[in-house]
Amino acid sequence: VSDQKPLGCWSVKHGQIITCPVVCNFETHEYIAVHDDKVLRIWKSADINLDKVFKATLSADVYRIHSLPNGGPVVLFKGGGVRTLDVLLEAPQQEIENVISDEVIKWSEAFMEGQQPVLIFATEKDGDFFVYIQKLKMNSLQRYKLEQEELSKPLSFTAYMKNQIITLLCLYSNDSVYKVLILLQQNTEEEEQILSKSLLLKLTVSGSVLKGTSFVVLDKDHIAILGSLTAAGEEPKECLTIWNTKFQTLQTSKELPLGTSGQLWCYEEKFFLTHGKVLTVIMYKCEISSLAAAVGKLKESQTPDVSSFVNWDTLENEELVVSIQSQQSVAPKSESKMTLRSKKNAVAKVQPDTLSVGQLLLNIKDAPTTAFEDELRQLMSKAQMPDFQATIGCVVNALINRCKTNPKYYPRNLLLQIVQTQDLSYSLCPDLMAVALEKKDVHLLQTCLQRFPDIPEEIIYACLKIFLSISEAYLQKIDVNLESVICYIDIEFNNKEVKTEIVENGFSTEQEQDMWDTKLAKETRLTNNGELCPVGPQKAALLNAVLHAAYSETFLLPHLKNLPAQQAVLFLRYLYYLYVKCSEKINTTLPGISSPTINQIMDWMCLLLDAHFTVMVMLPEAKELLSNLHKFVRAQVRFYSELNKIEGSLQELQRLNHQKDFQTYSIEVLEMI
């Protein structure tokens with residue numbers, strides 16, 4: 001998700017429809033899908049065409065497939081019948097019983113009770129709601145009727161199981177969440193049982209009401225609800241909210257102005273939801289619920305002229321990445337932010353070891369620069385502390401916040417040291433590269449591009465643009481890492497040409513000095529076809545860092561189209577230079593550390609031509625470049641076509657050589673016809 005690169009893509013034929021969510025079989029690492037209600041497909045990541053993978057047509061319509069880590073996939077049919085995937089594959093056309101009559105399944109979930117799968121699903125018929133619990137190994141089915149609520153009905157369900165008790169939570173249309181407890185019984189009773197419910201949470205705060213659409217359980221005291229916040233005289237706002245069910249308070253919230261699909265997922269302390277056209281992933285961490293935290297939030301929400309739902313994106317000076325003490329019960333770790341009381345004192349008298357990371361950073365926020373940086377270095381030296389990586393992210397964010405409040409302050413060396421020595425990512429310190437771009441700190445940007453795995457395409461484009469726009473004279477005064485270019489680029493010092501080329505197959509230009517003295521004086525900085533490197537070594541090293549950054553073509557192409565034409569031509573000339581350099585090598589690999597690969601060069605050339613082809617065709621200065629590129633690619637195609645013609649002969653030659661037992665020395669002449 002962070003790299004935004006598709007790892008695999010499969011599609012059904014035109015006219016076919018995938019009718020339930022695809023799941024992964026944790027035991028076999030296979031994907032399972034159902035299209036057109038009855039057709040089961042199973043495949044692995046290596047498979048490309050769905051038409052050629054395993055297919056089974058079932059006898060009944062499938063509602064949902066649930067994949068359990070230790071229990072295998074479980075298939076729930078629309079008629080209420082349940083089968084494990086293994087049993088179903090033994091006889092795909094086996095008859096599936098119809099458990100429910102004229103009822104429609106609205107929701108389902110699966111758990112593991114010891115070694116056996118347990119499936120729970122809710123149905124609706126004529127306004128009445130029913131709950132079924134199926135134990136697969138015991139083949140037992142329990143049926144309950146949900147207690148009705150006047151003028152209201154369930155919109156969404158979620159559940160969890162502990163100590164053989166299923167806790168079913170129901171989000172109702174009257175802006176309330178109800179709790180239902182169901183005991184897993186060994187024997188089913190004949191008469192229909194009524195499930196009574198109790199009010200767990202009322203979704204109102206400070207005159208505003210949350211119209212929830214979906215929700216998930218975080219722990220025994222917290223739930224997250226996605227919905228629209230409505231207040232009198234205001235437009236509804238879609239929000240992701242976290243509530244404390246123990247103290248009936250709103251903990252924190254994030255406004256989602258681009259809209260959502262109404263669906264919310266939670267997996268391994270991460271929220272997944274669609275925001276506009278983007279899949280958003282938000283990390284969170286729950287702490288033990290406390291009355292102080294709940295009351296603190298309640299007071300904050302009742303403050304006049306302050307939105308009762310905190311917008312996590314607008315808190316800047318107080319933003320912290322880790323949770324602190326008990327003031328914050330639910331502390332998002334990356335995209336989520338939190339509000340704290342500001343401390344006016346410089347460095348607290350309390351011992352640092354007794355303070356949380358958040359409290360320590362808050363205490364030293366206004367400290368003198370030297371004391372501030374010393375405290376941060378001391379904090380980073382505690383490598384054994386929990387959530388060390390998140391702590392380093394906090395340190396970087398604290399430095400960036402000080403840069404924002406004091407434009408004259410910019411700890412370049414400290415930031416560079418942190419990025420070079422710590423295992424950071426863009427999501428832990430998203431403002432770092434923005435500040436580096438503002439300061440035109442190209443060395444820090446180069447290091448971030450080389451080390452961060454999750455840089456957004458917009459930032460990659462901004463780095464590319466600033467690298468291309470900075471003059472060569474300015475770059476020569478700046479310290480830049482040249483490891484990726486020093487082994488292949490041709491550098492000129494004071495008009496004296498020096499070719500820094502690694503010798504291959506024992507050949508050296510110095511050994512041939514007498515024979516090639518005149519020619520060498522002209523061509524030491526040229527490639528085989530006479531192409532001179534269009535940029536200096538510093539700019540080449542910066543552009544190489546851009547080539548190494550992970551990107552998605554879909555997201556990068558719109559930004560790349562905004563690149564000025566002259567910069568696009570310069571970049572293409574450099575890519576062409578690298579392309580020719582790679583082609584000079586037998587293994588098409590440039591020497592050196594972190595040098596661009598042939599695939600990276602080709603991908604960027606294609607991407608750049610896609611974004612600017614029309615402009616480049618019109619530019620006179622690009623005409624010769626495009627012509628040379630066309631001729632070079634055409635020559636390579638012809639060369640590889642000739643190689644393909646003798647491929648069979650070469651394979652036969654290799655086979656013959658393996659069969660013969662050569663002695664210490666032999667000469668053999670082979671005639672190829």
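**Figure 1. Helix 9 and helix 13 cross in a right-handed way.** This close-up comes from a predicted model. The contact brings together Glu457, Glu458, Tyr461 and Leu464 from helix 9 with Phe555, Leu556, His559 and Leu560 from helix 13. The two helices pack at an angle of about 40°, and their axes are 9 Å apart. That angle makes helix 9 oblique to helix 13, since angles under 35 degrees would count as roughly parallel and those from 65 to 115 as roughly perpendicular.

**Figure 2. Helix 13 and its buried residues.** Helix 13 spans residues 553-560, and its buried residues are Leu556, Leu557 and Leu560. Look down the helix axis and these buried residues fall within an arc of 105°, so they line one face of helix 13. What sits over them? The cover for the buried residues of helix 13 includes helix 9 (457-469) and helix 15 (598-618). Two of the leucines turn up in the previous view as well: Leu556 and Leu560 are among the residues of helix 13 that touch helix 9.

**Figure 3. An open sheet of 3 strands, in the order 22-23-24.** The pairing here is antiparallel. Strand 22 (265-266) and strand 24 (278-283) are the edge strands, each pairing on one side only. Strand 23 covers residues 270-275 and is joined to strand 24 by 6 bridges. To get your bearings on that pair, find Lys270, which stands opposite Met283 in strand 24. As a reminder, strands of a sheet pair through backbone hydrogen bonds, either parallel or antiparallel.

**Figure 4. Glu268, in the loop between strand 22 and strand 23.** Is Glu268 buried or exposed? With a relative accessible area of 57%, Glu268 is exposed.

**Figure 5. Gln248, another non-glycine residue with a positive phi.** The phi of Gln248 is about 60°. Gln248 lies in the loop between strand 20 (237-244) and strand 21 (249-255). Its relative accessible area is 42%, so Gln248 is partly exposed.

**Figure 6. The hairpin of strand 12 and strand 13.** Strand 12 (residues 154-162) and strand 13 (residues 165-172) run antiparallel, with 8 bridges joining them. A handy landmark along the pair is Thr158, which stands opposite Leu169 in strand 13. How many residues lie between the strands of this hairpin? There are 2 residues, and Asn163 takes a positive phi near 55°.

**Figure 7. His35, a buried residue in strand 2.** Strand 2 takes in residues 30-35, and His35 is part of it. The relative accessibility of His35 is 4%, so His35 counts as buried. Which residues does His35 touch, once its neighbours within four places in sequence are left aside? They are Val12, Gln16, Ile17, Ile18, Thr19 and Arg41.

Figure 8. Of the 673 residues in the protein, 46% are buried. Among contacts with a separation of 6 or more, 55% come from residues 24 or more positions apart.

Terms used: Residues numbered from 1 in each chain as written. Predicted model: local features only at pLDDT ≥ 70, side-chain atom pairs only at ≥ 80, totals over all residues. Heavy atoms only, no water. Pairing = 2+ DSSP bridges. Helix = DSSP H or I, 4+ residues; strand = E, 2+ residues; numbered from the N terminus. Buried < 20%, exposed > 50% of the residue type's maximum accessible area, 1.4 Å probe, protein only. Arc of directions from axis to C-beta. Contact = heavy atoms within 4.5 Å. Axes fitted to C-alpha atoms, helices over the stretch in contact; angles between N-to-C directions. Parallel < 35°, antiparallel > 145°, perpendicular 65-115°, else oblique. Left-handed = near helix turned anticlockwise from the far one by under 90°.
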